[in-house]
Amino acid sequence: MKKLDRREFIKLASAAGGGFLMPDPLKVLNDAVGQLLGTKKKPASEYYPEPVTGARFGMVIDLGKCIGCRRCMYACKRENNVPDTISPPYIMVFETESATGVTGHFASPEMMGKGTTMFYTKLRKDKWYMPVQCNHCDNAPCVQVCPTGASYKDPDGLVLIDYDKCIGCRYCMTACPYGARRFNWWEPHVSRDRRNPLVPMRRHGVVEKCTFCVHRTRRGKFTRCVEVCPNKARTFGNFNDPDSKVSKLIESERNFRLKEGLNTEPRIWYLTKPKEKRMRWYRPLPPPKNIRGVKS
Amino acid sequence: MKNAGKSFYIFIAILLAFIGWGGFNWLRFLSHGPGLTGSSDVVPWGIYISGLAYFIGVSAGATIVGLLIHAFGRHDYEPVGIRAILLGLLCIFGATQFVLVDLGVPFRGLKVPIILHNLTSLFLISSSSYYGFMAILSGELYFSIKVATGKASERDKKMAKWLGIIAVPYALWIVHAFTGSIFGVVKAREMWNTPMLPVHFVISAIASGFAMVILVAVITSKVEKRDLLSNETLNHMGKILAFFVLLTLFLDFFDYFILRYSAKKEAMEGWHILTGRYLPIFLINEGGLILSLLILTFKKGRTANGLLLATSIIQVAIIAYRIDLVSVGQLAPLFPGMGELYYHPTLSEISVALGLIALVILLYAVLSKVLPMEETAPEPVYASRGLGKTLWKKNKKRYMEVRN
Ligand code: SF4
Ligand code: SF4
Ligand code: SF4
C-alpha cells in the first residue's frame, strides 16, 4: 500500500465522513507570523513579467466555432496549477438553446434561458456552447472594491491578483458580475511533477482567477486556452494594433460582450457568426464535479 | 467584583464555554482553510458578514440614546447612557471580529488600512470608519464615567456632551450608511444594488440598536431587582422604537414592492428564492417586525415585560433580515444554468459566530460590573449593593423609598 502522508490521510479521513479535522496551533502560529512579517517564499508578483508597453490585450471567442468540448477548461487548469479543490476551474462552459431558432445566430447572452446548463455530457449540433471566464474588464468592479489593492488592472489590459496582498475578504467575488473568481477554500495541492514552475502556487484563503496566462502572453505566446482549442474558436491579441487579427475580427463581425449594460467594459468579445459547417466534433471532457454551494 | 453572585459566575462559565468552542473551531479554520464553512464560490459571504451587519446595526443604539440625553435633554435616559455607550463600543468591536474570522488570511488583514489599502473600496472605507467610531465612543465613555463619578470638570462635561452629539452624524452617515453601501454598490447583484440600501440599513440599524438598549435596560432591572428606568421612560422608549420599526417595515415594503413590480430577471429569481426556499427566514423577518409593532402599540406592551418580549422579537427579526440581505441576496445565479445554489452554514461556522456573540456578552457583563454605570449620587441605594444579600432584602423597601 502506498504510504499516506499526513495531509492526505486527513483529507481521506474527512472525506470518509468519520474524520474530524483537528486544529494545528503550531502551524497557525507559524502562519500568522508569516502573514504579518512575510515569508521567504518568492513573492507572487515576481512571477509576473512586466506589462507589455503599448499593448492592450483581449480575446475574441467565436461562438459559431465552439463545440463545447471543455478542452480549454482542463488545459487551463493544468497550465495554471489549479488544484482539484477548485471547481469549476477558471472557465465555465454553458450549453444553451439556439437563440432565435430562426437564423441560428446566437443573438446575445440575454437569450441564455431555458435549458441552459453547465453540466451537459453529450454535445449536440443544435445547441450553442458558450465559455465564460474572467473578462479582464476595463472598468473592473473587482478592482474597484478590493480593499487591499491585491486585485489590480495593468496598462496592458490584464486584471491580476497579487496573492501576497489578498486577505481573502471575497468582496471581489460578490462584485464580479461574471462569477469568474475562485476562492481557495482548502490548501491547494498540486503534485510537484505536475506543477507549472512559471505560475506561483497559492495558499488557502486567497482568491484566484484567469490571468490571461500572464506568464505566456507577456512573453509573446498565446494563452493556453487559445492554443488548445481544436476548432480555433478563440483568438487572442493586441487591440491597440489595428492590423491584429482580433481588431479585424471585431471590426468585421457581429459581436457582443457579456452583460454590457453594467458598463464593465469586458475585454472578451463574442462573435455571433452562424455555426461553422465543417467542424471537428470531439467527445466532451466531463463536466465540473463537486461544486461548492451548487446542488448536484 | 461587587454584587457578583454565584449565578453570575455560572453565567460567565457558560459564556466561556461558548467562546472556547468557537475559538477551537476558528483554529481549525486557520489550520485547514475556510472550507470548513458553508460559503462557496457562488455564495462567498455567509453568516459572518450577516453578523458584521447585525452588530454594526446594533451599535447605532448607543448614539441614539446619547442624542436623546444630550441634544433633547431627556435626562431620564441617563441611567442607560453609559450602558448604551459601552454596548455600542463592544458591538463595534464584535463587528470587527466578525470581519476577522471571515477573512481567508486574517492576520494579513490586520495590515488594512495602514499598509494595504485601496481607497475606492467601500470595505476599506467602512472598516476604517469603525476605528474612528471606536475612538469616539471610547472618549464618550471615558468622559461620561468621569461625569457619573462626580470627578468631572466643566470641560469634561462639555466633552461628554459634544462627543455624544458628534457620534450621531458620524455613526449614521459614515459608519452605517457606508456599511449599507458595501452591498448597495455591488451592481452585479440585483438584490443589493439599490440606492435605498444605505437608508434601509441605517433605519433598521436604529431599530435593532435602540431595541437592544431597551433589552439591556430591562434585563439589568430584572437581574438587579430594581427599576433602572421609570415606567414613563420605558413608555417613551417604546414609542420611539415603534416609530423606527414602522419605518423599517415601510422601507421593507417598498423595497420589495419596487423589486417585484419592475420584475427584472435576476431580481425575480432572487425574489422567488426569498419567498420560496428561504421563506421561513423572510417570515421571521417581516412577521417578527409586525408582531413587535403590534405589541408596542398597546400601552401594556410598553411596560418592562412587554418591552422585553417586543425587543427580543425585534432582535431575531433583524438577524433574519441580515441573513436575507447578505446570503439570500447572493443566491440568484449570475448565469442561468449554474444549477440551484444554496448556502447552509456548517456547525463549526455557527459555533464561531456564537462564540463571538458570547465574547461580546461576556465583555459587557464584566465591564458593566467593573465600570461605574450610573451616577453615584443617591448614596443609600448604591451603598446597599455592598451589603450582604439578606441585609439588602430586609431593607429593600427602605432603600427603594430613599431612592424614589
Ligand atoms: S470578469 Fe470579474 S474578475 Fe474578471 S475583471 Fe471583470 S469583474 Fe474582475
Ligand atoms: S479577496 Fe483578495 S483580491 Fe478579493 S477583494 Fe479581498 S483582498 Fe481583494
Ligand atoms: S487565458 Fe489562460 S488562465 Fe485564462 S482561461 Fe485561458 S488558459 Fe486559463
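Visitor: Why is the contact between D126(A) and R124(A) called a salt bridge?
Guide: In this predicted model, the side chains of D126(A) and R124(A) meet at 2.9 Å, N to O. The cut-off is 4 Å between a side-chain nitrogen of Lys or Arg and a carboxyl oxygen of Asp or Glu. The 2.9 Å pair is therefore a salt bridge.

Visitor: What makes D126(A) and R124(A) partly exposed?
Guide: D126(A) has a relative accessible area of 47%. R124(A) has 40%.

Visitor: Why is R257(A) called buried?
Guide: Its relative accessible area is 12%. Buried means under 20%, so R257(A) is buried. Its salt-bridge partner is E265(A), at 3.1 Å, N to O. E265(A) counts as partly exposed, at 30%.

Visitor: How do you know that K153(A) and D138(A) form a salt bridge?
Guide: Their side chains meet at 3.0 Å, N to O. The limit is 4 Å, so the pair counts.

Visitor: Which parts of chain A does the pair of K153(A) and D138(A) tie together?
Guide: K153(A) lies in strand β4, and D138(A) in the loop between β3 and α4. These parts are 15 residues apart in sequence. R56(A) and R267(A) are linked with K153(A) and D138(A) in a network of salt bridges.

Visitor: What makes up the shell around ligand 2, by class?
Guide: It has 7 nonpolar, 3 polar and 2 charged residues. Arg counts as charged, so R170(A) and R181(A), both around ligand 2, fall in that class.

Definitions and conventions: Residues numbered from 1 in each chain as written. Chains lettered and ligands numbered in written order. Predicted model: local features only at pLDDT ≥ 70, side-chain atom pairs only at ≥ 80, totals over all residues. Heavy atoms only, no water. Near = heavy atom within 4 Å. Buried < 20%, exposed > 50% of the residue type's maximum accessible area, 1.4 Å probe, protein only. Helix = DSSP H or I, 4+ residues; strand = E, 2+ residues; numbered from the N terminus.
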